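Please read them beside the coordinates.

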Amino acid sequence: MIQLARRDARLSQKEMGEACGVSQSAISRLEKKGVGGTYDAKTLARAASHLQIPPHLVGLADHAAALAANADIGGSVERRNFFGGVAAVAVAPVVASFPAASAEYTASDGGSAATLRMVTGGYRRLDGTTPSRQLVKPVLEHLQLTQALTQSVEEHDQRNRLAAVGSEVASLAGWLSWDMGDYGSARTWYGSAIKSARRAGNPLLAAYQLGSLAQFEAHAGNASEGMLLVRAARKALGERPPAIAEAWLTSIEALCHAAAGDGPETDVSLKEAARLAGRMVGESTPWPWVFTFNESKVAATRVACGAKLGRADWITSAQDSVAAVLSSGHDKQRALLILDVASGHLASGRIDGAFALATGALETGVKYRSGRIVERARSLRRSYSPRLLPRVVREFDDRLYEIFL
């Protein structure tokens with residue numbers, strides 16, 4: 001982060017060191033530490049202050065940055081004491097995810113949009129293993145910074161690039177709100193993401209954000225709204241959309257059909273999504289997709305649709321194909337998929353297996369304070385109402401009750 005901002009300001013390491021009261025080699029060491037290293041807090045804070053980078057974007061709390069910049073607080077601050085190490089997490093993996101887009105942004109505006117996008121990517125990756133309630137405040141601050149920078153530039157192309165960054169951040173804010181169970185805020189931020197993408201003049205990004213909102217509405221049970229958004233996304237894409245866009249939108253279309261209770265149309269869309277995903281083998285993932293969309297993701301969608309429709313056979317047949325999703329590092333997404341698999345066990349009469357899976361997923365929801373996971377677990381429980389409750393269900397009920405306390 002410091003290196004990108006310094007280059008953007010057209011400062012050498014020597015000039016940067018003089019401004020911060022340290023040597024050129026100290027700045028060089030700071031920039032070369034990378035992921036997992038330790039940093040001198042005073043040098044880091046002074047560099048961030050000189051480059052006008054908000055402290056939280058380099059992993060420092062505001063009060064720690066103030067102390068470090070103005071006094072010698074003694075020694076280095078280990079990366080594990082930073083807030084999530086956002087800057088360190090962001091740089092290497094996110095550049096790899098967006099090779100073409102990163103090069104375009106860096107070459108065309110000196111790195112401002114690229115730097116902001118790296119931070120956004122870092123937050124997106126932290127989402128898998130961090131409570132949304134911890135992430136949402138810094139993400140909204142990041143959005144405010146991005147919007148302020150967008151408004152301050154006069155050059156048209158640069159403003160458009162920054163507006164595209166703002167669209168990505170707003171979409172992430174929508175995702176975090178959804179995870180917290182705040183549907184009103186989720187719709188607000190997804191709507192903001194769509195508007196920013198349109199202001200940026202980027203049809204692919206606009207289609208992505210329309211599809212993201214469609215996915216949200218489908219999971220919320222609003223089938224008709226979701227389908228209208230899918231159609232709007234396809235219209236934005238034009239005649240020759242990237243394969244990943246068409247496959248992804250077709251899978252969301254399947255979710256909308258499932259939300260409407262239409263099994264045959266859901267099956268048609270799922271098969272088409274799998275066909276399209278099969279054609280993408282070896283293709284690179286284009287921005288704004290962070291992760292690839294493949295046949296394993298389509299199988300996970302079939303599991304989700306099967307859970308909505310009560311089709312245990314769909315869930316059972318797709319279970320072996322979702323191994324990649326179940327083994328991913330995104331704990332919250334994995335918990336949601338496990339709850340869908342539990343629905344299949346429940347529909348097949350395997351009560352103990354269903355609630356054993358559901359209990360594990362519920363614990364993940366409690367760990368990350370995910371309203372979406374907890375509510376999904378409650379929905380599973382509501383679908384089962386026998387006269388006599390088995391022990392595993394009574395224990396599940398007790399755990400749900402404890403969450404309120």
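**Notes on the model**

1. T115 touches M1 and L4, leaving aside residues up to four places away in sequence; contact here means heavy atoms within 4.5 Å. T115 is found in helix α8, residues 112-126. With a relative accessible area of 13%, T115 is buried (buried is under 20% relative accessible area, exposed over 50%, partly exposed in between, with a 1.4 Å probe and protein chains only). Helices (H or I, at least four residues) and strands (E, at least two) are DSSP runs, numbered from the N terminus.

2. On conventions: this is a predicted model, in which local features need pLDDT of at least 70 and side-chain atom pairs count only at pLDDT 80 or more, while totals for chains, interfaces and linings use all residues. Residues are numbered from 1 along each chain as its sequence is written, and side-chain values use heavy atoms, with hydrogens and water left out.

3. The largest nonpolar core has 71 residues, and I2 and I53 touch the most other members. Helix α14 gives the most to this core, with ten residues. Apart from it lies another core of 20 residues, including L336, A342, Y384 and L400. A nonpolar core is a set of buried Ala, Val, Leu, Ile, Met, Phe, Trp, Tyr and Cys residues joined through side-chain atoms within 4.5 Å. Beyond four places in sequence, I53 touches M1, I2, A5, A48 and V58.

4. Helix α15 covers residues 263-278; at 1.5 Å a residue its 16 residues should span 22 Å, and the end C-alpha atoms are 22 Å apart, which agrees. The expected span is 1.5 Å times one less than the number of residues. Buried in α15 are G263, T266, D267, S269, L270, A273, L276 and A277. Their cover includes α14 (243-259), α16 (295-309) and α17 (312-318). At the N-terminal end, D262 caps α15, with a side-chain oxygen 3.2 Å from the backbone nitrogen of E265.

5. I194 sits in helix α11, residues 183-199, and is buried at 6% relative accessibility. Its contacts, not counting residues up to four places away in sequence, are Q209, L210 and L213. I194 and A164 are 30 residues apart in sequence and 9.7 Å apart in space, C-alpha to C-alpha.

6. The structure holds zero disulfides (pairs of cysteine sulfur atoms within 2.5 Å). The closest cysteine sulfur to that of C256 is in C305, 9.2 Å away and so too far for a bond. C256 is buried at 1% relative accessibility, and C20 is buried at 5%.

Definitions and conventions: Polar contact = N/O pair within 3.5 Å; in protein donor to acceptor, adjacent residues only side chain to side chain.
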